Amino acid sequence: MTTALRICPLCEATCGLTLTIDGGRVTGARGDREDVFSRGFICPKGAAFGQLDADPDRLRHPLVRRAGRLEETGWDEAFAAVAEGLGPLLREHGPQSVGVVLGNPNVHTVAGGLYPPLLLGALRTRNVFTASTLDQMPKHVSSGLLYGDAGALPVPDLDRTDHLLMLGANPLDSGGSLCTAPDFPGRLRALRRRGGRLVVVDPRRTRTAAMADRHVAIRPGTDALLLFAMVQVLFAEDLVAPGTLAAHISGVAEVGRLAADFPPEAVAGACEVPAEEIRVLARELAAAPRGVVYGRVGSTTVEFGTLTSWLVDVVNVLTGQLDRPGGMMFPLSATGRRERPARPGKGFALGRWHSRVSGHPEAKGELPVAALAEEIGTPGAGRIRALLAIAANPVLSAPDGDRLDRALAGLDFMVSVDPYLNETSRHAHVVLPPPPPSRSPHFDYAFNGLSVRNQVRYSRPAIPLEADRMSESDILARLVLCVSGHGGADPAAVDAMAIERTLGKETADPASPVYGREPAELAARLTGVDGPERRLDMMLRLGPYGDGFGADPDGLNLEKLLAHPHGIDLGPLRPRLPGLLKTRSGTVELCPEPLAADVDRLRRALADRPSGLLLVGRRHLRSNNSWMHNVPALMGGSNRCTLQVHPEDAARLGLADGGLARVRGDGGELEVPVEVTDAVRTGVVSLPHGWGHDRPGVRLSVAGARPGVNVNQLMDGSRLDPLSGTAVLNGHPVHVSPLPLH
């Protein structure tokens, strides 16, 4: 029996684990008490690591469709089938005939952080769809417009704030989102112990709301109105105080003029929050020495998601809480771009191209995943004929899964990179399964850039990869070669090409620490057991803490990181403005034209009053979207697919606790068990996301025994936030009626 350290890949908290290994299997998992970031914290998902890792339903070998049936085959045969399937389509119909859909698990793996950009670059398709337009794209768009960089996502400085106002966030169940913070509950308790205040705005009394000093049970989808009213109060009561950033901000007066139409009395009816309570929220935040506003999925997957994301940052700017300790700050990842002198940039553009059928504008190089079905199923030039689905299950995660299900069945060719035969991958012509997480390395390329404390950690595989399995990096590298027409080449060539390109750019950049040096000489100095590790070493050396390939002997590289198996603490977040700004003006552009123009749409919402029930989703501590419902240890207790209804609404509608209800929305109807609870406010019902494991051909035995229903089938995909293309998954109108028990 041995032990091995591992960073948990099961949510954004990235906790350090100590795995117990016996006979080539993970037999236990506990928190790594010496981890520099998580300090021994572990949640039920991490504790179930061994069950997930050894899930007997995980695919071990590639599958290829022959005569309508998926059959096991070898890796060479599988990639030959990929080349044979994609090659003719690309030659005859061009790159736009191939779509790519990237799912949430991509940001939890080394391979997902390194290879999709290379794949998209080789494929040259504009038909790119990701989980971002089902989640956080509004934040990317608002950050792009404010800071000139869609990847500049500030996070709340949790460990130093005195006042935290959260909208649509439930980190006690989600583990944090766009805010990487192991032991989020402990951090909130520490906030309370030091005399700070926690305010939660949410239509549900979540576990997070239950521990708050104040819970504001807002009407779903009206967060932008609430925030704009707070902005109006800040201006009306002379509470605007940007502080030291004032010289680097433009557009403050323009925001003030827009906010004049949203006083608390005007928004109170729509938000169903009293005007005086809105004033108190604004005053308390302005008075806090160190305060911050943080909004997440409940505030982004709504009709005004981008405006809400923008206004979160507007309030932080106007109260002087952006880019200062205890406020909203920008992490500095060890593999991020080295800091450079402040200067104007190219800015951020929306709508550089549009989708073929409905004309949706791209955002951050992506089209709305809600449009994927119509792009496949609508005849005509430019139709998507082939699809690469990488760690994605949009049949469950996107609106109107039934329509997408039918569309996928009509594809000429489909490849899925997925460890399971799930609701989406069952349609593939080739399925390429990556190995379990214990047999894969781990580095958080995405989440280190969202961390509430700067740190760096790396885990090598805890268990060696078996001879009949292929690493996820090699799988994705071979896909890159297939779409490039070099399917038989060594996948190591992809990493070598990436290294050559990066070092070529760096040595030609006067601001780089390796300017003027020879790329080949630098490449020869890289360490690591394979291409992905050599690329990690390169990024660490070139990054903001790096050794610059010898320029700084005390700097970071892979060898130093490996010498610290529990990670390296790089210190608390520190101010980074104006250096990271890439706007054309070189300032924080607080009132960008696309956002200002969309305020008219918000203004019209002042008169809206719901005539029926509004649907919101929910997360559970034991679940992370659809792919964790096949782990027995995570399927107990309150992790159930039920319709939560307030007792007053239940009595009015004739619904009984434990009974059945029919829920009808734009996209269809569902039959679901009822859970009567005052955890939801009146006028609101809640169904969890990621269920609906009842389609034929799916090999998820545990999930299939308790399939639940797919909440996203209630949406038809027509309701989108227009700026970001994000599907409206919360605040969706539904009709609910009782059903007799079967």
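Serine 638 sits out in the open: its relative accessible area is 54%, which puts the residue over the 50% mark and so makes it exposed. In this predicted model, serine 638 belongs to the loop that runs between β21 (613–616) and β22 (643–645).

Leaving aside residues up to four places away in sequence, arginine 279 touches Val233, Glu237, Pro264 and Glu265. Two of these names turn up again in a helix pair: Val233 is on the α10 side of the contact with α12, and Pro264 is on the α12 side.

That helix pair brings together α10 (residues 223–236) and α12 (residues 264–271), whose axes are 9 Å apart and meet at an angle of about 165 degrees. Since angles over 145 degrees count as roughly antiparallel, α10 and α12 are roughly antiparallel to each other. The crossing of α10 past α12 is left-handed. On the α10 side, the contact is made by Leu225, Leu226, Ala229, Gln232 and Val233, while α12 supplies Pro264, Val267, Ala270 and Cys271. Sorted by class, the residues of this contact come out as eight nonpolar and one polar, with no charged residues.

Helix α5 (residues 116–123) and helix α19 (residues 472–483) have axes that come within 9 Å and cross at roughly 5 degrees. An angle under 35 degrees counts as roughly parallel, so α5 and α19 are roughly parallel to each other. Here α5 brings Pro116, Leu118, Leu119, Ala122 and Leu123 to the contact, and α19 answers with Leu476, Leu479, Val480 and Val483. The contact of α5 with α19 is made up of nine nonpolar residues, with no polar and no charged ones.

Turning to the rings, the structure holds six aromatic pairs. One of them joins tryptophan 75 and phenylalanine 79, which are stacked, with 6.4 Å from centre to centre and 25 degrees between the planes. Both residues lie in helix α3 (residues 75–93), four residues apart, or about one turn of the helix. Tryptophan 75 has a relative accessibility of 12% and so counts as buried. Phenylalanine 79, at 2% relative accessibility, therefore counts as buried too.

The pair of phenylalanine 228 and tryptophan 310 is built another way: the ring centres are 5.8 Å apart and the planes stand at 90 degrees, so the pair is edge-to-face. This pair ties together distant parts of the chain, with phenylalanine 228 in helix α10 and tryptophan 310 in helix α15 (residues 305–318), 82 residues apart. Both phenylalanine 228 and tryptophan 310 are buried. The grouping also takes in a further ring, as Phe228, Phe262 and Trp310 form one aromatic cluster.

Key:
Residues are numbered from 1 along each chain as its sequence is written. This is a predicted model: local features need pLDDT of at least 70, side-chain atom pairs count only at pLDDT 80 or more; totals for chains, interfaces and linings use all residues. Side-chain values use heavy atoms; hydrogens and water are left out. Axes are lines fitted to C-alpha atoms, for helices over the stretch in contact, and angles run from 0 to 180 degrees between N-to-C directions. Helices (H or I, at least four residues) and strands (E, at least two) are DSSP runs, numbered from the N terminus. Angles under 35 degrees count as roughly parallel, over 145 as roughly antiparallel, 65 to 115 as roughly perpendicular and the rest as oblique. A crossing is left-handed if the near helix is turned anticlockwise from the far one by less than a right angle, and right-handed if clockwise. Contact means heavy atoms within 4.5 Å. Ala, Val, Leu, Ile, Met, Phe, Trp, Tyr, Cys and Pro count as nonpolar, Asp, Glu, Lys and Arg as charged, and the others, Gly among them, as polar. Rings of Phe, Tyr and Trp (its six-membered ring) pair if their centres lie within 6.5 Å; planes under 30 degrees apart count as stacked, over 60 as edge-to-face and the rest as tilted. Buried means under 20% relative accessible area, exposed over 50%, partly exposed in between (1.4 Å probe, protein chains only).
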